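These are my notebook entries on a structure that I am reading for the first time. I set down what I looked up, topic by topic.

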Amino acid sequence: QVQLVESGGGWVQAGGSLRLSCAASGSIFRIDGMGWYRQAPGKQRELVARITSGGSTNYADSVKGRFTISGDNAKKEVYLQMNSLKPEDTAVYYCNADIFRWAAGVNAYWGQGTQVTVSS
């Protein structure tokens with residue numbers, strides 16, 4: 001089994017900062033990449049940022065210059081530093097990981113989500 005556990009969500013005023021963390025655990029042979037997605041009420045889930053095991057990153061245009069994704073391969077953790085937050089960043093943020101497990105191959109796994117609320 002694999003678990004992704006997020007932490008760090010909460011409430012913040014516009015212009016503030018939050019840091020999200022996600023830790024993967026379980027029967028994991030290799031993590032190919034980890035990322036953050038978000039889903040606002042009435043909207044589809046969208047990619048926020050992603051990082052590969054080699055350290056390559058990509059971001060949604062809406063967060064470039066404000067959010068920074070980083071990871072710790074040894075700890076199997078990924079982080080999202082969110083600065084200059086805007087009300088439109090309000091959403092449930094989900095951790096995602098592409099994980100290789102023996103006999104299961106590579107599959108995408110999701111955390112339970114953490115709420116981020118930005119007030120104007």
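**Entry 1: Charged side chains**

I began with a network of salt bridges, in which Arg38, Glu46, Arg66 and Asp89 are linked. I note at the outset that the model is predicted.

I then took the members of the network in pairs. Glu46 is bridged to Arg38, with 2.7 Å between the closest N and O atoms. I looked up the accessibility of both partners. Glu46 is partly exposed, because its relative accessibility of 36% lies between the limits of 20% and 50%. Arg38 has a relative accessible area of 6%, and therefore counts as buried, the limit being under 20%.

Next I turned to Asp89 and Arg66, whose side chains form a salt bridge at 2.8 Å, N to O. I asked where in the chain the two residues of this pair lie. Asp89 belongs to the loop between β8 (77-82) and β9 (91-101), while Arg66 belongs to the loop between β6 (57-59) and β7 (67-72). The pair is 23 residues apart and links distant parts of the chain. Are Asp89 and Arg66 buried or exposed? I found both of them to be buried.

I also recorded a salt bridge between the side chains of Asp32 and Arg30, with an N to O distance of 2.5 Å. Asp32 has a relative accessible area of 28% and is partly exposed. Arg30 is likewise partly exposed, at 37% relative accessibility. How many salt bridges are there by this rule? The count comes to six.

I moved on to the strands.

Strand β4 covers residues 30-39 and strand β5 covers residues 46-52; the two run antiparallel and are joined by six bridges. Within this pairing I located Gly33, which faces Thr52 of β5. β4 and β5 make a hairpin, and six residues lie between them. In that turn I noted Gly42, which has a positive phi of about 80°.

From β5 I followed the pairing to β6. These strands are also antiparallel, with three bridges between them. Here Arg50 has Asn58 of β6 opposite. This is again a hairpin, with four residues between β5 and β6. The turn holds Gly55, whose phi is positive at about 100°.

**Entry 2: An open sheet**

I asked in what order the strands of the open sheet lie. The sheet has four strands, ordered β1-β3-β8-β7, and their pairing is antiparallel. β1 (2-7) and β7 are its edge strands, each pairing on one side only. On average, neighbouring strands of this sheet are turned by 15° against each other, direction ignored.

Strand β3 spans residues 18-26, and six bridges pair it with β1 in the antiparallel sense. For Ser7, the bridge partner in β3 is Ser21.

Why does Asn96 count as buried? Its relative accessible area is 3%, and so it falls under the 20% limit.

I looked up the polar partners of Asn96. Its side chain and that of Arg50 are joined by a polar contact of 2.7 Å. The Asn96 side chain also reaches the backbone oxygen of Tyr109, at 3.4 Å. Leaving aside neighbours within four places in sequence, the residues in contact with Asn96 include Leu4, Gly33, Met34, Tyr37 and Trp110.

Cys22 lies in strand β3 and Cys95 in strand β9, 73 residues apart, and the pair links distant parts of the chain. The link of Cys22 and Cys95 is left-handed, with -80° about the S-S bond.

Technical notes. Residues numbered from 1 in each chain as written. Predicted model: local features only at pLDDT ≥ 70, side-chain atom pairs only at ≥ 80, totals over all residues. Heavy atoms only, no water. Salt bridge = Lys/Arg side-chain N within 4 Å of Asp/Glu carboxyl O. Buried < 20%, exposed > 50% of the residue type's maximum accessible area, 1.4 Å probe, protein only. Pairing = 2+ DSSP bridges. Axes fitted to C-alpha atoms, helices over the stretch in contact; angles between N-to-C directions. Polar contact = N/O pair within 3.5 Å; in protein donor to acceptor, adjacent residues only side chain to side chain. Contact = heavy atoms within 4.5 Å. Disulfide = S-S within 2.5 Å.
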